[in-house]
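Here's a quick tour of one model, with a helix, a strand residue and some charged pairs as the stops. Have the structure open as you read.

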Amino acid sequence: MSHLSRTLPVKRAAHVYLVQDGKLLLVEERMDDGSIFYGLPGGKAHPGETLGDAAVRQVLVETGLTVTDLVFLSLLEGELLTGTRNECYANFGRFTATFSGELNPTDPEVVGIRWVPFAEVEMLVRYGPPPEIEERNPLIWVPTRDFVKGQPRAYYPI
């Protein structure tokens, strides 16, 4: 099958960089293999939902925090996980926002929430097998690496 004749499912997601006192808020989720995955608050957009609305909804469920005044920071897009059963075309928006409330996740997949110093964020990133797991794809973490270094770009092609 040629590149131009394929129809890929589209995955749209939004994540928010919440920063306080030089620390980034990360959620801890348990993967199917039992390992812990650290990620940004946020997640998949529902059909017809904007990335901004998805960010607000997902942050509330995953952290208990209400986010307002979203500011678009970057877009990561392109084919992801090519050649695996999870192959898709991804549009991942990244935002910053004002937040309020108390940490109180209601998402059953979230097993913890941590404010992580910028210098320690990349140490928590787990790359590697199995390669079909989107969250472990190093490309997903490039915008976050750049953000904590103070060098974010607006666009990240995959």
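## Ground rules

Let's settle burial before anything else: a residue is buried under 20% relative accessible area, exposed over 50%, and partly exposed in between, using a 1.4 Å probe and protein chains only. This is a predicted model, where local features need pLDDT of at least 70 and side-chain atom pairs count only at pLDDT 80 or more, while totals for chains, interfaces and linings use all residues. Residues are numbered from 1 along each chain as its sequence is written, and side-chain values use heavy atoms, with hydrogens and water left out.

H1 covers residues 51–63; helices here are DSSP runs of H or I with at least four residues, strands are E runs of at least two, and numbering goes from the N terminus. Its 13 residues reach 18 Å from first C-alpha to last, close to the expected 18 Å (1.5 Å times one less than the number of residues). Just past the helix, Gly64 has a positive phi of about 90 degrees.

Which residues of H1 are buried? They are Leu51, Gly52, Ala54, Ala55, Gln58, Val59, Glu62 and Thr63. Down the helix axis these buried residues fall within an arc of 150 degrees, so they line one face of H1 (the arc is taken from the directions from the axis to the C-beta atoms). They pack against S1, S3 (23–30), S5 (42–44), S6 (66–80), S7 (88–100) and S8 (110–117).

## Ala14, on the strand side

Ala14 sits in strand S1, residues 10–17, and is buried because its relative accessibility is 0%. Its C-alpha is 5.1 Å from that of Ala55, 41 residues away along the chain.

Beyond neighbours within four places in sequence, Ala14 has contacts (heavy atoms within 4.5 Å) that include Leu51, Ala54 and Ala55, as well as Pro41, Gly93 and Phe95.

## Salt bridges

How many salt bridges does the whole structure hold? The search finds three, each needing a side-chain nitrogen of Lys or Arg within 4 Å of a carboxyl oxygen of Asp or Glu. One joins Glu49 and Arg57 at 2.8 Å, N to O; Glu49 is buried at 14%, while Arg57 is partly exposed at 23%.

Arg145, Asp146 and Arg153 form a salt-bridge network. Asp146 pairs with Arg145 at 3.0 Å and with Arg153 at 3.6 Å. Asp146 is buried, at 6% relative accessibility, whereas Arg145 is partly exposed at 30% and Arg153 is partly exposed at 42%.
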